[in-house]
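Q: I have a model open and want to read its features one at a time. Where do we begin?

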Amino acid sequence: MTTRPATESPVADKTVSHYLRYLKLERSLSPNTIDAYRHDLDYLLDYCREKGVAPTDADFGFLESFALSVHERGVGARSQGRILSGVRAFYRYLLIDGYIDTDPTELLEWPRLPEHLPEVLTTEEIDLLEASIDLEKAEGHRNRAIIEVLFSCGLRVSELVSLKMSNLYLDDGFIRVMGKGSKERLVPISPRAVKELRLWFDDRRRMNIKPGEDDYVFLNRRGSHLTRTMILIMIKRQAQEAGIKKTISPHTLRHSFATELLKGGADLRAIQSMLGHESIATTEIYTHIDTTQLRDEILNHHPRNKKDERK
């Protein structure tokens, strides 16, 4: 009699099915995000099937071997980290729902990622970027408001293009943002950003806005809402005009916002909430940026690195 592999048992299938339903109903994740979680989880399920071990029976040693097998398959460090994050999320669910008594991923080490830190702009460079905008042009105030809102609120470009007039509470100093997985969050907005928005609204009121587009904050000349590509092109062009040599994108302003918050002493959890990061691990990259900048600052001003002016 042939024994059916443990991971293909009705119990295992039901466990995975319940987990995917949990992601959809309890965590309100989008279908694409759930598919990504399932794809990464398949690495573990395939390994369990190969070894004849049910996912609920896996212990730390088994998962450590699994992590090594992913590495040996030639999967990149960043993808390894994403897969292990998905596996950890799966086991946290199993623990919460009582399938297991302890979390075997608790001590599982993440792969060491190559040092690839995102480019950031200083506040002075943001000011240069905004100062280079020609306010005589029809889109001048709009573009300045876009840059200021991206930087002051740390928005993703997708969140900016979908920002609605009905979600602005400027007198109260915050905006409502629709983030990933249709999750809403309230984000404080600075007086500087409010000022730039009001200047743009003076121009916006004189536009012919297309039906159905009137609730979008940022519009193009034809009265339709902007796309991510339009904003990317605008920011790259503006950086060139400002004489900024760094390779930047709308996301650079989000990175810069988080870095400046951290340098100013903001709590990492508060930054996580502002950015809408699901995991604190994503936010922790900014501690690496800050440490790198601190190291450079020290080395540049270290007495042993200063040139001897007597020569």
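Predicted model: local features only at pLDDT ≥ 70, side-chain atom pairs only at ≥ 80, totals over all residues.

A: Start with the helix pair α6 and α8.

Q: How close do the axes of α6 and α8 come, and at what angle do they cross?

A: The axes of α6 (residues 140-153) and α8 come within 8 Å. They cross at roughly 155 degrees. Angles over 145 degrees count as roughly antiparallel, so α6 is roughly antiparallel to α8. The crossing is left-handed.

Q: Which residues of α6 and α8 meet?

A: From α6 come His 141, Arg 142, Arg 144, Ala 145, Glu 148, Val 149 and Ser 152. They meet Arg 192, Ala 193, Glu 196, Leu 197, Leu 199, Trp 200 and Asp 203 in α8. By class, the contact holds 6 nonpolar, 2 polar and 6 charged residues.

Q: Now the loops. Is Arg 27 buried or exposed?

A: Buried means under 20% relative accessible area. Arg 27 has 17%, so Arg 27 is buried. Arg 27 lies in the loop between α1 (10-25) and α2 (31-51). Its side chain joins that of Tyr 37 through a polar contact of 3.4 Å.

Q: Where is Ile 209 found, and what does Ile 209 touch beyond four places away in sequence?

A: Ile 209 sits in the loop between α8 (191-204) and α9 (228-241). Beyond four places away in sequence, Ile 209 touches Arg 204, Asp 214, Leu 219 and Gly 223. Arg 222 is 13 residues from Ile 209 in sequence, with 7.3 Å between their C-alpha atoms. Ile 209 is partly exposed, at a relative accessible area of 29%.

Conventions:
Residues numbered from 1 in each chain as written. Heavy atoms only, no water. Helix = DSSP H or I, 4+ residues; strand = E, 2+ residues; numbered from the N terminus. Buried < 20%, exposed > 50% of the residue type's maximum accessible area, 1.4 Å probe, protein only. Contact = heavy atoms within 4.5 Å. Polar contact = N/O pair within 3.5 Å; in protein donor to acceptor, adjacent residues only side chain to side chain. Axes fitted to C-alpha atoms, helices over the stretch in contact; angles between N-to-C directions. Parallel < 35°, antiparallel > 145°, perpendicular 65-115°, else oblique. Left-handed = near helix turned anticlockwise from the far one by under 90°. Nonpolar A, V, L, I, M, F, W, Y, C, P; charged D, E, K, R; others polar.
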